[in-house]
Amino acid sequence: MSQELTRINDFVVKFANVNGSGSASANQLFARSILGMGVPISTRNIFPSNIQGLPTWYEVRVSEAGYLGRRGGVDLMVAMNPQTWDKDVASIDPGGYLLHDSTKPLPPSKFREDITVLGVPLTEIANRAFADPKQRQLFKNIIYLGVLSALLDIERGVIEDLIGKQYKGKDKLIAPNIQALDLGRAYALEHLDCPIGLRVRRADAVGDRIFVEGNDATALGCVYGGATVAAWYPITPSTSVAEAFAKHCNRLRKDKETGRNRFAIVQAEDELAAIGMVIGATWNGARAFTATSGPGISLMQEFLGLAYFAEIPAVIVDVQRGGPSTGMPTRTQQSDLLACAYASHGDTKHVLLIPEDPRECFEFAARALDLADRLQTPVFLMSDLDIGMNHWLCEPLSWDDTRTLDRGKVLTFEELEAGTPFGRYRDVDGDAIPYRVYPGTHPKRGAFFTRGTSKNADAGYSEEGSDYVANVDRLLRKFETARTLVPAPVIRQAARPTRIGAIFYGSTAPAMGEALDVLEAAGIHMDTMRVRAFPFHEDAFRFIAEHDTVFVVEQNRDAQLRTLLVNQGNIDPKRLIPVLHYDGTPITARFIAGEISHRLAASGDVARKELAS
Amino acid sequence: MSYLKPKLHHPGLPTNALGLTRFDYDGAVSTLCAGCGHDSISAAIIQACFEIDLPPHRLAKLSGIGCSSKTPTYFVGASHGFNSVHGRMPSVLTGANLANRDLVYLGVSGDGDTASIGLGQFVHAVRRGVNMLYIVENNGVYGLTKGQFSATADQGSKSKRGAVNTDAPIDVVSLALQAGASFVARGFSGDKSQLVPLIKAGLKHRGAAFIDCLSPCVAFNNHAGSTKSFDYVRDHNAALNRLDVMPPRAQITADYAPGEAQDVTLHDGSTVILRKVGAEHPVGDRVAAMNYLQERQAEGEIVTGLIYLDPEADDLHAHLGTVETPLAHLGTGDLCPGSAALEAINASLR
Ligand SMILES: Cc1ncc(C[n+]2csc(CCOP(=O)(O)OP(=O)(O)O)c2C)c(N)n1
Ligand code: SF4
């Protein structure tokens, strides 16, 4: 047997469960109890696209150092699913631990020599204590939570408080939960060598950070950004954006006197209708958004072209999942970048904002609504399942009360009355953004026709080639204006000067941060750039120019960000080395560090250059 | 604006309550084929808007794609128009209506636009009770793409090239009834005296108002063998009723014998007076309306007039419980909960 792992506040626990067995609540209690002890965690749900029966995993990364991405590997496996047993046992790092239900004995061949096996007769304990079959199943999960608390030295009081909070108002559920917890603790303390090498020690490393799901934060961003119309069609993993928007609006957006709603939420008949409603609403002066995922984006293409060409604001939240087609509906990817950047037929280019965590989901959702109005064009918020449907520890959300909604260039009744000249598609200010007028503003002035057909600068129907060219060229210039308005990339210099750079974006951020430290410890220094928007800021191209070797790390097969960079920056593709992860699970620090060090080793030339610098 | 015609007003022209003449409701010169039924419908819309004293800029006219969907350019030039994409006008209109409940919404569509590519959106906008008047300019063919059968073409009817339609038709009136439209009518572009009041009443109705307007395509569907030609429709028209729309508080002078007419008061206080000319038809009975349609259809008759009306209907805004102020008019203070509320949310997430 290899050396048992001993690590304090720095390990990975993974739960293997069966979907529908009620384990989610116990697993979350486990994660939150560690948070309650002041130790940062990150959690990942890996779940199937059905409701019951199939395997599900929940991974908890415990890291006092604050690494919030997936590390890779498992130190302690809670193996509750016979169906995935072999794979789960195999995934444990040497020296790691296996906690399992020992009610029914398993042959020795089912175990490994190089790990510590911790058997607890969970079913037996549950059956003895609880009569109701449903309770037996549910409390089995709480019993293993009790076992884990003893094994990892988690304070019982913290869990008790969390159970109290969770069942507030349903007080009669508290006692049996505590009973189950204590049954597990007592068994472990009596029969197992507690605590094991992996331990939680009270710390003060969480600060005032919040623990929130990306989709929840996105929805709040839409509330703060002033969206009043939301039209959507259910699709994993974006559904909870609309649901959370409804929840927040019901709390924050009711007229106090009348109880009526300052919002309208429509579950459309499909994504075509959803984006159509958004376009109708924004044309008519409201702020509107839809939330969807890849298949929905595919359906919206025709309307997105209309919004681009007719210059109508729209915010589309794309919570990306594994494609193409139905792909892996409950797994994560960053594979809609190209589909969104160039959505629809003809020459189109759209603005993308790419958040790294729930905090940026909030910020960018509000900003997307401003930008869509300012630029009069669709703006995509490119989230993904990893951020959207997992709880992330992040800085608290903040809002500046002096901020007002930027409605962009809209002529008012007074301005029209004063004789302000108006031509819907005229570039008056030189930034290629025209003025618009909301329908119904003025009895005599400002009415125009909106159409997806070619038009002249006054919105009159025109099939003149010169009118068309002038219009689409202005749209290109407008995209240049967008470049100055979108969030700039975040560039980090390595501790030492280096000619190696890495570009990444979105949910890859936390794993990337950890990978950098791992690489640095191995003597590989890299500058990094986190891209936050399309069109790319000019700094992005400077970053590429300033490095000899540039890795582009992303979670899709075809290196979509790399393609966009090559296209837009006219960059020699050879200059950008793709590092790609696309099995549907969130990328890990081990994967990134492994790939990059491997590639550098393979091209000794580059490594030498780096070492020389 | 390019689509505005120079206005040379005769000083003696009649004006409406807003002091506007009929010409103030004109649009650009039509580019449709001379004699196209759609142009007669545009004229009827102009007449109706003039007669109900609709401030032109308070009308929002939306359409899909097709000859029919081009027509919003040809009426009420002072209002905002929106040619969306093929078959998707209903969703755009729904969104527009959600944004500003104070405007009057007129959706114009074709039978291809509505009954084929846009069937889903049509039914859903109707079932949601979007406050609008939705007009289908129904010619049984795709005009703009040159004469293919549409889904409303009758089985057995002939195309201009002699092809026979083998598919069963979709009756958009039955569909609208089934989907829950609270105002359902059928008109004929060749019968303006019936159509204008229908449009007036439809514009005033709160809820989903629907008019299927038979509108022969002179280029591709006005020949012998077509069941959407002028002659065919004229010969088979069974007019259910004629109606008048009286503005609120206007003196109603009855010029009909009791028993031959029926008054219905709409939300805004105006009155619809139905004059029965066909069979006695209880206009407030959805089931009876459906049965009647089917019966007459079996006899080869095309029922026109107001087929169903629920004067008590309410609309999507009522269903969603939205505030009276148009959502588009709410500002930062109404919409952004501020940093204190956010701090409380942060606290709940720790
Ligand atoms: C997605 C899409 N498919 C096809 C077309 C081509 N198209 C334009 S108009 C039309 C049919 C219009 O027919 P209808 O709605 O009956 O109107 P009409 O021209 O007869 O008035 C079609 C198929 C299109 N514009 N968009
Ligand atoms: S093709 Fe038919 S529908 Fe189109 S404009 Fe001509 S007559 Fe009207």
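Start at A:Pro195, which sits in the loop of chain A between α6 (174-191) and β8 (198-199). This is a predicted model. Select A:Cys194 together with A:Pro195 and look at the bond joining them: the peptide is cis, with omega about -15°.

Stay in chain A and go to A:Pro535, in the loop between β21 (533-534) and α17 (538-545). Which form does the peptide bond from A:Phe534 to A:Pro535 take, cis or trans? It is cis, and omega is near 5°.

The next selection is A:Ser344, in the loop of chain A that runs between α11 (337-341) and β14 (351-353). Check the backbone here: phi of A:Ser344 is near 90°, a positive value in a residue other than glycine. Most residues other than glycine have a negative phi, and most peptide bonds are trans.

Now colour chain A by domain. The ranges to select are 7-199 for domain 1, 212-394 for domain 2, 409-487 for domain 3 and 490-612 for domain 4. Keep domain 1 and domain 4 of chain A on screen; their centres, taken over C-alpha atoms, are 36 Å apart. How many residues of domain 1 of chain A are in contact with domain 4 of chain A? Ten are, and they meet ten residues of domain 4. Between them, domain 1 and domain 4 of chain A bury about 900 Å², with 51% of that on carbon and sulfur atoms. To see where domain 1 of chain A loses the most area to domain 4, select A:Tyr67, A:Arg70 and A:Arg71, which together make up 59% of what the domain 1 side buries.

Move on to ligand 1. Residues from chains A and B surround ligand 1, so the site is shared between chains. Show the 18 residues around ligand 1; the closest are B:Cys67, B:Ser68, B:Gly112, B:Asp113 and B:Gly143. By type, the shell around ligand 1 holds six nonpolar, nine polar and three charged residues.

Then turn to the individual atoms. In the side chain of B:His38, an N or O atom is 2.8 Å from an oxygen atom of ligand 1. Taken alone, ligand 1 exposes 590 Å², and the protein buries 77% of that.

The last stop is ligand 2. Among the residues around ligand 2 are B:Cys33, B:Cys36, B:Cys67 and B:Cys217. How many charged residues are in the shell around ligand 2? There are no charged residues; the shell divides into eight nonpolar and three polar.

Methods. Residues are numbered from 1 along each chain as its sequence is written. Chains are lettered from A and ligands numbered from 1 in the order in which they are written. This is a predicted model: local features need pLDDT of at least 70, side-chain atom pairs count only at pLDDT 80 or more; totals for chains, interfaces and linings use all residues. Side-chain values use heavy atoms; hydrogens and water are left out. A residue is near a molecule or strand if one of its heavy atoms lies within 4 Å of it. A polar contact is a pair of N or O atoms within 3.5 Å; within protein, one must be able to donate a hydrogen and the other to accept it, and residues adjacent in sequence count only if both atoms are side-chain atoms. Accessible areas come from the Shrake-Rupley method with a 1.4 Å probe; for residues, only the protein chains shown count as cover. Ala, Val, Leu, Ile, Met, Phe, Trp, Tyr, Cys and Pro count as nonpolar, Asp, Glu, Lys and Arg as charged, and the others, Gly among them, as polar. Domain bounds come from an automatic or database domain assignment. Contact means heavy atoms within 4.5 Å. Buried area is the accessible area (1.4 Å probe) that two parts lose on being put together, summed over both. Helices (H or I, at least four residues) and strands (E, at least two) are DSSP runs, numbered from the N terminus.
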